[in-house]
Amino acid sequence: MKTYAKGVRAERELLHFLSFHGFSTLRTASSGSWLSPVDVVALKKGRVLCFEIKSWTKKPKLEKSKLYRFKEWCRQADGFGFLAWYNKKQWRFLTLEDAENNNYDDDNWFDMDSFLKAMNI
């Protein structure tokens with residue numbers, strides 16, 4: 001499957017999942033660009049969740065320039081940023097803070113159940 005199509009499928013899956021859990025969601029048309037470095041935004045009762053999604057075989061790591069812009073976008077939106085990784089039909093999440101601190105170790109990624117608990121969903 002082409003990389004773009006694989007990524008879009010993962011983005012849409014997360015959109016549907018969060019929507020089912022009561023979030024208003026959107027997928028940004030120019031995700032990954034300078035203006036919109038966020039793939040998915042989810043809103044619920046004043047909470048703003050921002051996701052950069054990767055659907056790669058290998059564990060993703062954000063480039064410094066993309067990480068900086070993602071952080072700034074989250075700051076402006078007063079949102080919580082996450083790197084979301086979809087691989088082998090499993091979701092893993094890394095906080096923006098861990099990505100900033102280059103903490104990409106397996107122990108810092110959490111699965112969907114842990115994410116739902118942490119977000120009180």
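I began at Lys89, which I found in the loop between β4 (80-87) and β5 (90-95), where strands (E, at least two residues) and helices (H or I, at least four) are DSSP runs numbered from the N terminus. The phi of Lys89 is near 60°, a positive value in a residue other than glycine. I noted this angle because most residues other than glycine have a negative phi. Lys89 counts as exposed at 74% relative accessibility, on a scale where buried means under 20% relative accessible area, exposed over 50% and partly exposed in between (1.4 Å probe, protein chains only).

Before going on I wrote down that this is a predicted model, in which local features need pLDDT of at least 70 and side-chain atom pairs count only at pLDDT 80 or more, while totals for chains, interfaces and linings use all residues. Residues are numbered from 1 along each chain as its sequence is written, and side-chain values use heavy atoms, with hydrogens and water left out.

I then looked up Lys45, which lies in the loop between β2 (40-44) and β3 (47-54). Its phi is near 50°, again positive in a residue other than glycine, and Lys45 is exposed, with a relative accessible area of 81%.

Next I turned to salt bridges, each being a side-chain nitrogen of Lys or Arg within 4 Å of a carboxyl oxygen of Asp or Glu. How many does a search of the whole structure find? The search returns 5 salt bridges, and I followed up some of them.

One of them joins the side chains of Arg27 and Glu11, at 2.4 Å from N to O. This pair links distant parts of the chain, with Arg27 in strand β1 (residues 24-27) and Glu11 in helix α1 (residues 3-20), 16 residues apart. Arg27 is partly exposed at 27% relative accessible area, whereas Glu11 counts as buried at 6%.

For Lys71 and Glu100 I recorded a salt bridge whose closest N and O atoms are 2.8 Å apart. Here too distant parts of the chain are linked, since Lys71 belongs to helix α2 (residues 64-77) and Glu100 to helix α3 (residues 96-100), 29 residues apart. Lys71 is partly exposed at 36%, and Glu100 is partly exposed at 33%.

My last entry concerns Arg75 and Glu72, whose side chains meet in a salt bridge (2.9 Å, N to O). These two residues are separated by about one helical turn, because they are 3 residues apart in helix α2. Arg75 counts as exposed at 53% relative accessibility, while Glu72 is buried at 17%.
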